[in-house]
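Colleague: I have just opened this one and would like a guided tour. Could you walk me through it?

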Amino acid sequence: MPRTLAPLLLAATLLLGGGTALLAQADDAGLPSLGGAHASLSLSEEHRLGRAWLRQFRARAPLWHDAHAQAYVERQIARLAPHSDLPDSRTLVALVDSHQLNAFAVPGGVVGVNAGLFAFAEDGDAFASVIAHELGHLSQRHHARRMERAEQTQVPAMAAFLAGMLIAASGGGDAGMGVAMGSQAAFIQDQLAYSRRFEQEADRIGLQAMAQAGIDPQAMVRMLRAMHRLVSLQGGMPPEFLLTHPLTESRLGDVEARAGQLSVERTRDEGPLYAMIRARALLTLHRHEPRRALTRLEGADAQARRYLEALIAAEEGNVDAALSQLDALARELPDLALLPASAAEEAFAAGRIEEALERSQRLLRLMPDYLPTQRLYAEALLHQDADQAYHALRRLTEQYPEEPQLFTLLAEAAGRSGREAWGHLARAEHLQLTGEIDRAIRQLEIAERVAGIAGDPSATARIAQRRDDFLGYRETLEKFQ
């Protein structure tokens, strides 16, 4: 087995479907039992394993670093989660730079979304229906329940199938699906038959959550019908989402019937926000031919098209025209933080640091908690006052300890402001968040030596605390190797 596949194979097996032989290996290694008639995966174990899985995923997947898209997905999760009966409210979002139509949920509250899902879902309610469905899987703890079923199936075939799913989610595409579809046909049929019940449960939870959150449940019907049509257009080859979320006529009929029984008393109109986030996804997917993104946005809200035109203008070097368009849109839609935030980002990208700072400060006075602009403001500060930038980034990393990019900026701010030990510590944090735990521990050792030479007891104490944490992270990550 290739060295790069082995960690993913065991990760997929432990997190998504276990098996008698591999569970025995896990027990021998000291990992709590993940299956069986008399044992189940605890919520704390799911959380720990999910975070470890995410670190491995970050190390392998083509991530899509878009703070506004991430904020949008987090907003949808926050809107749906109170109505989804989640056993654990802690969630994290991973965005994938892939044109494939896909989303996934992992134990521990990790929700993954491909840029391709934004490209396919033409409205915000349709997009929300997929998020609601994934939260339904987490709500019903389908991964933990599958582990009990796994003991009754063929372990090698199941492991290969799940590893293929994980590789595909990581951007492996056809290669990943080749692993999956190469598994024994009888096993796949059995596993899909079992998962269809899970799909029905997730649909029902998702539909109810949508209705209670003020989202039209019929959007799930539209989304599933659109996926079904896509299968026909692609000659019977379903998108990645349907390979792991089997869609049958009976499932479609059930969703239609249940959606028809639900009513939404008060819907929420988010205006053109979703279409603008979709525009960002399309621009990412067509980065080499940005005008194609405009073509795919045909029929969308006119303001969303103007937003995309502004982003394209900035990429083509017409920064003044882009800022003028963004400012005009911001005056028309004063409650949409995305617009002034985008203007500040384009100013920063063009090297207009003073303007970026001024625009960021103006927005943060109105919306002080908007993370994309908080991060941009701190990054712009690095060019003027590294000490202020350091303190701003320290606050942000304390508030968002699972955001790797914040620690990259913090490391730079610490170095520029003469805090060398803290800079090494920040680099160690970034490494452990992106799956490089051994390098992270070595970076901590460097930080400890530097702190000792500088006589910085505060840094020394923090490094000692994080070493214990890092060793715990490594112990968990070793379960995947």
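Modeller: We can begin with the whole chain and then take the sheet, the cores and a pair of helices in turn.

Modeller: This is a predicted model, in which local features need pLDDT of at least 70 and side-chain atom pairs count only at pLDDT 80 or more, while totals for chains, interfaces and linings use all residues. Residues are numbered from 1 along each chain as its sequence is written, and side-chain values use heavy atoms, with hydrogens and water left out.

Colleague: Okay, how many helices and strands does the chain have?

Modeller: The chain has 25 helices and three strands, where helices (H or I, at least four residues) and strands (E, at least two) are DSSP runs numbered from the N terminus.

Colleague: And what percentage of the residues count as buried?

Modeller: Of the 481 residues of the chain, 57% count as buried, a term that means under 20% relative accessible area, with exposed being over 50% and partly exposed in between (1.4 Å probe, protein chains only).

Colleague: Now the sheet: what is the order of its strands?

Modeller: The three strands form an open sheet in the order 1-3-2, with mixed pairing, and two strands pair if DSSP finds at least two bridges between them. Strand 1 and strand 2 stand at the edges with a single partner strand each, so one side of each has no neighbour in the sheet. From one strand to the next, the twist averages 20°.

Colleague: Which way does strand 3 run against strand 1, parallel or antiparallel?

Modeller: Strand 1 (residues 92–96) and strand 3 run parallel and are joined by five bridges; in this pairing L92 has V110 as its bridge partner, and L95 stands opposite V113. Strand 2 (residues 103–106), by contrast, runs antiparallel to strand 3 and is joined to it by four bridges, with V106 opposite V110. The hairpin of strand 2 and strand 3 has three residues between the strands, and there G108 takes a positive phi near 95°.

Colleague: Is strand 3 itself buried or exposed?

Modeller: Strand 3 (residues 110–114) is mostly covered, with five of its five residues buried. V110, G112 and N114 point one way from the strand, while V111 and V113 point the other way. In a regular strand the side chains alternate between the two faces of the sheet.

Colleague: Which helix lies across strand 1, strand 2 and strand 3?

Modeller: That is helix 3 (residues 43–60), which runs at about 20° to strand 1; such angles run from 0 to 180 degrees between N-to-C directions, and axes are lines fitted to C-alpha atoms, for helices over the stretch in contact. Helix 6 (residues 124–139) also packs on the sheet, touching strand 2 and strand 3, where contact means heavy atoms within 4.5 Å.

Colleague: Switching topic, how many residues are in the largest nonpolar core?

Modeller: The largest nonpolar core has 79 residues, and V73, L80, V113, F118, F127 and Y307 are those with the most contacts inside it. Such a core is a set of buried Ala, Val, Leu, Ile, Met, Phe, Trp, Tyr and Cys residues joined through side-chain atoms within 4.5 Å. Helix 14 (residues 273–285) gives the most to this core, with 10 residues.

Colleague: Last one: at what angle do helix 16 and helix 18 cross?

Modeller: The axes of helix 16 (residues 302–315) and helix 18 (residues 338–349) cross at roughly 5° and come within 11 Å. The two helices are therefore roughly parallel to each other, since angles under 35 degrees count as roughly parallel, over 145 as roughly antiparallel, 65 to 115 as roughly perpendicular and the rest as oblique. In this pair, Y307, L311 and A314 of helix 16 meet L338, L339, S342 and E346 of helix 18.
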